[in-house]
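Work through the following exercises with the structure open. Each task is followed by its solution.

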Amino acid sequence: MVPIYKGGDRSAVTNYRPISLTSVVCKQLEHVIAEYLRQVWDKNDWLYEGQHGFKLGYSCEIQVITVCQDIVDSLDEGIGIDVIIIDFSKAFSFVTRDQLLTKLVPSGVDSRVVIWVREFLVGHTQRVRVGVHLSREVKVTSGVLQRSVLVPLLFLVYINDIWRNIDSCIRLFANDCVIFRKIINKNDIEKLQKDLDTLGEWAVENGMKINSGKSKVIRFMRAQVKNPLGHSLVDQKIPEASNCKYLGIIL
């Protein structure tokens, strides 16, 4: 694998994203499996409709436009809307393989493909390459290979049930998550908080780590005076902001 610098202190290992380099033969076979998965899921309409990442016919731009349009529609109705941007820390690294395979089974794919995916995920070793230097090999016991052909689709499987039991609108672009709700009265605030609690429980059950400090909450409304927001996630208050970046766009 090759570490790609993300930002911040260059001497901190956590500020690098590990990009896996696999063989050409492996990548070609991954393309075959990935195409099969897409065909099965398109046929049975299995993937969550609010997920726009790594899906044919969907894009980052469409996701941004959809979210912005929902906000504007609410303001045109004279109704405020609370928007929470959720930050998942190192989402691909926290994927639990057994849970991933359990979620893949009911998606409609052939059982032999499930077995192939299991064999694809286990038994890996990796070493880091920086220039011409290589580290010693270590076993990979958790997570999935970042930037491989197949893994993005497998991550969609892992996060596909995040919306269940949530009444507010939740939209995803891979692991970029936004949840929002029109706020007409206090009851809507309580319902949104209940959904955030449900989201937090999902994260704990699936081993995903939510960074409450990097998550943001914004209330869009036409009124000049806004009441303080008190939404929390995994028992931590979500920082209130006047703007935030979502998929590269400042809201």
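A residue is called buried when its relative accessible area is under 20%, exposed when it is over 50%, and partly exposed in between. The model used here is predicted.

**Exercise 1.** Decide whether Phe-88 and Trp-202 are buried or exposed, and describe the aromatic pair they form.

Solution.
- Step 1: Phe-88 has a relative accessibility of 6%, under the 20% limit, so Phe-88 is buried.
- Step 2: Trp-202 has 7%, so Trp-202 is buried by that limit too.
- Step 3: The ring centres of Phe-88 and Trp-202 are 6.4 Å apart and the planes are at 75°, which makes the pair edge-to-face.
- Step 4: Phe-88 belongs to strand E4 (residues 88-89) and Trp-202 to helix H6, so that the pair links parts of the chain 114 residues apart.

**Exercise 2.** Classify the aromatic pair of Trp-116 and Phe-120, and state where its members sit in helix H4.

Solution.
- Step 1: The centres of the two rings lie 5.4 Å apart, with 10° between the planes; the pair is stacked.
- Step 2: Trp-116 and Phe-120 are about one helical turn apart, because four residues separate them in helix H4.
- Step 3: Trp-116, at 25%, is partly exposed, whereas Phe-120, at 9%, is buried.
- Step 4: This pair is one of five aromatic pairs in the structure.

**Exercise 3.** Describe how helix H1 packs against helix H4 and against helix H5.

Solution.
- Step 1: Two packed helices are described by an angle and a distance between their axes.
- Step 2: For H1 and H4 (residues 111-121) the angle is about 140° and the axes are 12 Å apart. The crossing is left-handed.
- Step 3: On the H4 side of this contact are Val-113, Trp-116 and Phe-120; the H1 residues include Leu-29, Ile-33 and Tyr-36. The contact is made of eight nonpolar residues, one charged and no polar.
- Step 4: H1 (residues 24-44) and H5 (residues 151-159) pack at about 35°, with the axes 10 Å apart.
- Step 5: Among the H1 residues that meet H5 are Ala-34, Arg-38 and Trp-41. Seven residues of this contact are nonpolar, two are charged and none is polar.

**Exercise 4.** Which residues have the most contacts inside the largest nonpolar core, and which element supplies its largest share?

Solution.
- Step 1: The largest nonpolar core has 49 residues, and Trp-41, Ile-86 and Phe-88 have the most contacts inside it.
- Step 2: Helix H5 supplies the largest share of this core, eight residues.
- Step 3: Away from its sequence neighbours, Ile-86 touches residues including Cys-177, Leu-199 and Leu-233.

Notes
Residues are numbered from 1 along each chain as its sequence is written. This is a predicted model: local features need pLDDT of at least 70, side-chain atom pairs count only at pLDDT 80 or more; totals for chains, interfaces and linings use all residues. Side-chain values use heavy atoms; hydrogens and water are left out. Axes are lines fitted to C-alpha atoms, for helices over the stretch in contact, and angles run from 0 to 180 degrees between N-to-C directions. Helices (H or I, at least four residues) and strands (E, at least two) are DSSP runs, numbered from the N terminus. Contact means heavy atoms within 4.5 Å. Ala, Val, Leu, Ile, Met, Phe, Trp, Tyr, Cys and Pro count as nonpolar, Asp, Glu, Lys and Arg as charged, and the others, Gly among them, as polar. A crossing is left-handed if the near helix is turned anticlockwise from the far one by less than a right angle, and right-handed if clockwise. A nonpolar core is a set of buried Ala, Val, Leu, Ile, Met, Phe, Trp, Tyr and Cys residues joined through side-chain atoms within 4.5 Å. Buried means under 20% relative accessible area, exposed over 50%, partly exposed in between (1.4 Å probe, protein chains only). Rings of Phe, Tyr and Trp (its six-membered ring) pair if their centres lie within 6.5 Å; planes under 30 degrees apart count as stacked, over 60 as edge-to-face and the rest as tilted. Lists of a residue's contacts leave out its neighbours within four places in sequence.
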